[in-house]
Amino acid sequence: MLIKDGQKMKLTIPTDTPSLKNSKQIFRTRSGRPFITSSNRSKEWRIYAVALLRQQAKGRSVERYPVSLTITFFRSTRRRFDLDNAMSSCADALVDAGIIEDDNMNYVNKITAAYGGVDKLNPRAEIFIED
């Protein structure tokens, strides 16, 4: 089990979190039919984030639901970004890493997203999971 009753688990993704919803590209098949896919940067971030989360969790996962997530974003610049899209990227990475089973309301009943400010040397997303 990743967390026990009343405990918090802290995970960190040490990079700026992209907004995966806004990082789409449109391509065309050989027949000319359009299709949408995530940008290479978004795909690379997702692979990186999932690997780091798995490493930090050390094979453990949440067994007791629902949980609440608190995610604080520290960015490398003052460039604007959407908290809700960045939060969604982190929640999806937690699911892909196998730390939480799903990010719907049956598994996560509260999500708090906050902007922690600019940290040029250590941009990151700090994720707290609590029972």
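Predicted model: local features only at pLDDT ≥ 70, side-chain atom pairs only at ≥ 80, totals over all residues.
User: Which aromatic ring pairs with that of tyrosine 65, and how are the two rings oriented?

Analyst: Rings of Phe, Tyr and Trp (its six-membered ring) pair if their centres lie within 6.5 Å; planes under 30 degrees apart are stacked, over 60 edge-to-face, and the rest tilted. By this rule there are three aromatic pairs. In one of them, tyrosine 65 meets tyrosine 107 with ring centres 4.9 Å apart and planes at 85°, so the arrangement is edge-to-face. The two residues are 42 positions apart: tyrosine 65 is in the loop between helix 1 and strand 4, and tyrosine 107 in the loop between helix 2 and strand 5 (108–118). Helices (H or I, at least four residues) and strands (E, at least two) are DSSP runs, numbered from the N terminus. Tyrosine 107 is also partly exposed, at 22%. Elsewhere, Phe73, Phe81 and Tyr115 form one aromatic cluster.

User: What is to be noted about the peptide bond from tyrosine 65 to proline 66?

Analyst: This bond is cis, with omega near 0°. Proline 66 belongs to the loop between helix 1 (40–57) and strand 4 (67–75). Lysine 58 is placed in the loop between helix 1 and strand 4 as well. Its phi is near 55°, a positive value in a residue other than glycine. Lysine 58 is exposed, with a relative accessible area of 67%.

User: How many salt bridges are found in the whole structure, and which residues form them?

Analyst: Side chains of opposite charge can pair when their charged atoms come close. The criterion is a side-chain nitrogen of Lys or Arg within 4 Å of a carboxyl oxygen of Asp or Glu. Six salt bridges are found. One of them joins glutamate 126 to lysine 10, with the closest N and O atoms 3.9 Å apart. This pair links distant parts of the chain, 116 residues apart: glutamate 126 in strand 6 (residues 124–130) and lysine 10 in strand 1 (residues 8–13). Glutamate 126 is buried at 14% relative accessibility, whereas lysine 10 is partly exposed at 43%.

A further bridge joins arginine 64 and aspartate 131, whose closest N and O atoms are 3.3 Å apart. Here arginine 64 lies in the loop between helix 1 and strand 4, and aspartate 131 in the segment after strand 6. Aspartate 119 and arginine 124 also meet in a salt bridge, at 2.9 Å from N to O. Aspartate 119 is partly exposed at 22%, and arginine 124 is buried at 13%. Lys10, Asp119, Arg124 and Glu126 are linked in a network of salt bridges.

User: Over which ring does the charged end of arginine 124 sit?

Analyst: A charge sits over a ring if NZ of Lys or CZ of Arg is within 6 Å of the ring centre and within 35 degrees of the ring normal. Arginine 124 has its charged end over the ring of phenylalanine 74, 3.9 Å from the centre. Lysine 8 lies over the face of phenylalanine 128, 5.5 Å from the ring centre.

User: Which residues of the largest nonpolar core touch the most other members?

Analyst: In soluble globular proteins, nonpolar side chains tend to be buried together. A nonpolar core is a set of buried Ala, Val, Leu, Ile, Met, Phe, Trp, Tyr and Cys residues joined through side-chain atoms within 4.5 Å. The largest core has 26 residues, of which Leu11, Ile13, Leu53, Leu94, Ile99, Ile127 and Ile129 touch the most other members. Strand 1, helix 1, strand 4, helix 2 (83–96) and strand 6 each give two or more residues to this core. Helix 2 provides the largest share, six residues. Contact means heavy atoms within 4.5 Å. Not counting residues up to four places away in sequence, isoleucine 13 touches residues including Trp45, Leu53, Cys90 and Ile127.

User: Which residues of helix 2 are buried?

Analyst: The buried residues of helix 2 are Asn85, Ala86, Met87, Ser88, Ser89, Cys90, Ala91, Ala93 and Leu94. They pack against strand 1, helix 1, strand 4, strand 5 and strand 6. Just after helix 2, glycine 98 takes a positive phi of about 80°.

Terms used. Residues numbered from 1 in each chain as written. Heavy atoms only, no water. Buried < 20%, exposed > 50% of the residue type's maximum accessible area, 1.4 Å probe, protein only.
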